[in-house]
Amino acid sequence: MAKKKKNELEEKLVYNPKFIWNEVDAKTKKEIFRFSEDYKKFIGEVKTEREFVKKAREMAEKKGFVPIEKAKGKAGEKIYVINRNKSMALVVLGKKDILHGANLIVAHIDAPRIDLKPHPLYEDKETFLALLKTHYYGGIKKYQWVNIPLALHGTVYLKDGKTVDIVIGEDEKDPILILPDLLPHLARKVQGERKLFQGIEGEEMNLLIGSMPLKKDEEGEQIKLNILKMLNDKYGITEEDLIRADLEIVPAHKPRDVGLDKGLIAAYGQDDRVCGYTTLRAILETEKPEKTAIALLMDKEEIGSDTNTGSKSMFIEYLYSQIISLTKESFTPKDLYQAMSKTEVLSADVDAVMDPSFKQVHEPLNAARASHGIVITKYTGSGGKYSSNDAHAEFIGKVIELFDKHGVFWQSGELGKVDEGGGGTIAKFMAERNMDVVDAGPGLLSMHSPMEIASKADVWSAYRAYSVFFQYNK
Ligand code: MN
Ligand code: MN
């Protein structure tokens, strides 16, 4: 059959995002799949912000990045700064100093999950089970997290001042934790009459952690004591130590390919570690940029970017001050504000792609589609663009020009119909600093679930987009 002749006028006038698999040759397809394997390995190992920072530091040091205290301020120099083990900046100094602005990409490395309460462990005398009380983190549909294998990741600060890192549930031989759901036979009234989102309530999210006593026929809470003894034997932890801890419950499963053609990836934590990873890869491969390239890997986005490891923190101003100090003996507040105001930013966060079974929440002209490239999102927010960064025409224009010049597949997207719901990203906190910023990241299906889904072509497009952005100079 003859190939359909392209209408020239249509090509010129009509916006038409490309279905990537129709556009790429076999070699590129192979490259996309190879990149996906690296990504799957990373995201299967790195399931908390602390683990991300630790791994990113290892990878950065191998590539010649040094802590900022050791930096000399030379063009092309590679530097990192870690903030309280939970957020991180990677910097490649430009030939021009940072008063000319920087090319900055910000992603968040926290993800929705279930945290333990500070005093979590109890024994339920009537059921002969020991459980952990939890408090979920971020916007989850709680009912999705029951009856799936869960793992405990965290850091505990012991009384003697030592810290101990814990991972339980990732090794095949490890036990898992689980939130048991009610059997359907008895759920008709207690759950059946609730609304879906209330199917499991916060205080019903109690994790199974034990069922056997420490000693036979003894008084007291023997099942709880048994768990405490096991934790103490292995990690030196007491119950009080759980108060001085960051303990996170995450899905125990590994990333998997989806579909017979393996074009999609399902994995926990892709919002936003898909952007975290692609940004990290891009900055690690950035050599001698004209303008300073900065990757910010931030914490606490899922709960509003508060806390000193989140994007509202003065950590960013402090970072800029440190970078300016590398090349200038002294600087004024004007220098700091100038460097920030001339900085251009991609807010690297995920958007939603159109859901095949719930199309009614999307507006088809403006919904992103799987395998059509990185999604440029002009604004987020809700209720009349409230609480959003609304990117300027000029800046979106520059970004599109850059992507087109380098053959980066991109599409425009808006998160859902007007007044359907909404969400925010870090973009507005960068805009507050007088930086130019637009959201750009891959689209997901099943966002914020224990198994989020991304197209391999879109993950690769994000990586390509971030790579060219770090090198860009205009
Ligand atoms: Mn996100
Ligand atoms: Mn999110």
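Trainee: Over the ring of which residue does the charged end of arginine 281 sit?

Mentor: First, some ground rules: this is a predicted model where local features need pLDDT of at least 70, side-chain atom pairs count only at pLDDT 80 or more, and totals for chains, interfaces and linings use all residues. Residues are numbered from 1 along each chain as its sequence is written, chains are lettered from A and ligands numbered from 1 in the order in which they are written, and side-chain values use heavy atoms, leaving out hydrogens and water. A charge sits over a ring if NZ of Lys or CZ of Arg is within 6 Å of the ring centre and within 35 degrees of the ring normal. For arginine 281, the charged end is 5.4 Å from the centre of the ring, and that ring belongs to tyrosine 463.

Trainee: How are the rings of tyrosine 15 and tryptophan 410 arranged?

Mentor: Their centres are 6.0 Å apart. Their planes meet at 25°, so the pair is stacked.

Trainee: How many residues apart in sequence are the parts that tyrosine 15 and tryptophan 410 tie together?

Mentor: Helices (H or I, at least four residues) and strands (E, at least two) are DSSP runs, numbered from the N terminus. Tyrosine 15 lies in the loop between helix H1 (8-13) and helix H2 (20-23), while tryptophan 410 is in strand E17 (residues 410-412), so the pair links parts whose separation in sequence is 395 residues.

Trainee: Is tryptophan 410 buried or exposed?

Mentor: Buried means under 20% relative accessible area, exposed over 50%, partly exposed in between (1.4 Å probe, protein chains only). Tyrosine 15 has 45%, so that one is partly exposed. Tryptophan 410 has 17%, so the answer is buried.

Trainee: Which residue bridges the manganese ion (ligand 2) and the manganese ion (ligand 1)?

Mentor: Donors are N, O and S atoms within 2.8 Å of the metal (3.2 Å for Na, K and Ca); water is not among the atoms, so sites may look incomplete. Ligand 2 is coordinated by Asp271 (OD), Glu302 (OE), Glu302 (OE) and His448 (NE2), at 2.1 to 2.6 Å. The two manganese ions lie 3.3 Å apart, and the bridge between them is aspartate 271.

Note on methods: Phe/Tyr/Trp six-rings, centres within 6.5 Å; stacked < 30°, edge-to-face > 60°.
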